[in-house]
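Here's a quick briefing to read alongside the model. Have the structure open and follow along topic by topic.

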Amino acid sequence: MGRFRNTQKFSKKHFKIIKQTDARLKSEEREVREKKEDEQAIKKNEAPKISSAMFLKYNNQLGPPFHVLVDTNFINFSIKGKIDMMTGFMDCLYAKVIPYVTDCVVGELEKMGRKFKIALKLIRDNRFQRLACNHKGIYADDCIVQRITQHKCYIVATNDRDLKRRIRKIPGVPILYTKQHRYSIERMPDAYGAPKL
């Protein structure tokens, strides 16, 4: 115990720290100290821009006919659950629904190969509206998130956990998903499949 203390005292007393102004230091080794912020200066906080469609947390642009942006895995889960998409939308939302599919979703399904041939046939139906994408790549999640941040008129139909987590951060965008062989919806209390609060 005593020996440890002696070494500590020795290290504190006998070693000197070189000052930053010392001539022996090279210019790369010198620390550049940042100026302290003036405490009396007025601080500007940038508030995030909120869409004009939002009234508090309620989205004014949602209304019949509903515009549903469909994701790749939602189509696959609907086929596995043997749910007709148009009747499923009608049962959940009690209104006319216009499903939209982006070029990225179609590209993902084409990449997946012959297994998803039925999903491709389903998407190419004339009831589905096709949205053109102007960005590079065919990653559908980024495309959908970009589209719903620009336009708040869409309901997103997806079963992807990561995409749901990203969409929940954007206020006023409901999420439609499959649960127990039927469609359910988040953030829309008027709908049939919506969980009760």
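K82 turns up in the loop between α2 (72-80) and α3 (85-93); helices here are DSSP runs of H or I with at least four residues, strands are DSSP runs of E with at least two, and both are numbered from the N terminus. This is a predicted model, where local features need pLDDT of at least 70 and side-chain atom pairs count only at pLDDT 80 or more, while totals for chains, interfaces and linings use all residues. Residues are numbered from 1 along each chain as its sequence is written, and side-chain values use heavy atoms, with hydrogens and water left out.

- K82 has a positive phi, near 55°, despite being a residue other than glycine.
- K82 is also exposed, at 79% relative accessible area (exposed is over 50%, buried is under 20%, partly exposed is in between, using a 1.4 Å probe and protein chains only).
- H181 is another non-glycine residue with positive phi, near 60°. Look for H181 in the loop between β7 and β8 (182-186).
- Buried or exposed, what is H181? With 64% relative accessibility, H181 counts as exposed.
- Going from P64 to P65, the peptide bond is cis, with omega near -10°. P65 belongs to the loop between β2 (58-59) and β3 (66-70).

**Strand β4, covered on both sides**

- How many residues of β4 are buried? The count is 6 of the 6, so the strand is largely enclosed by the rest of the structure.
- As background, side chains in a regular strand alternate between the two faces of the sheet.
- In β4, one side carries V97, P99 and V101 and the other carries I98, Y100 and T102, all of them buried.
- β4 runs parallel to β3, with 4 bridges joining them (strands pair if DSSP finds at least two bridges between them). F66 has V97 of β4 as its bridge partner.
- β4 also runs parallel to β5, this time through 3 bridges. Here Y100 sits opposite Q129 of β5.

**Helix α6 and what covers it**

- Helix α6 spans residues 140-150, and its buried residues are A140, D141, C143, I144, V145, R147 and I148.

- The structure holds 0 disulfides, a disulfide being a pair of cysteine sulfur atoms within 2.5 Å.
- C104 is in no disulfide, and its nearest cysteine sulfur, which belongs to C133, is 3.6 Å away. C104 counts as buried, because its relative accessibility is 2%.
- C133 is in no disulfide either; the nearest cysteine sulfur to C133 is that of C143, 3.3 Å away. C133 is buried too, with a relative accessible area of 17%.

**T178 and its neighbours**

- T178 is part of strand β7, residues 175-179, and counts as buried at 17% relative accessibility.
- Which side chain does the T178 side chain meet in a polar contact? The partner is the side chain of N159, at 2.5 Å (a polar contact is a pair of N or O atoms within 3.5 Å; within protein, one must be able to donate a hydrogen and the other to accept it, and residues adjacent in sequence count only if both atoms are side-chain atoms).
- Leaving aside residues up to four places away in sequence, T178 touches F74, F77, S78, I83, N159 and Y183.

Key
Contact = heavy atoms within 4.5 Å.
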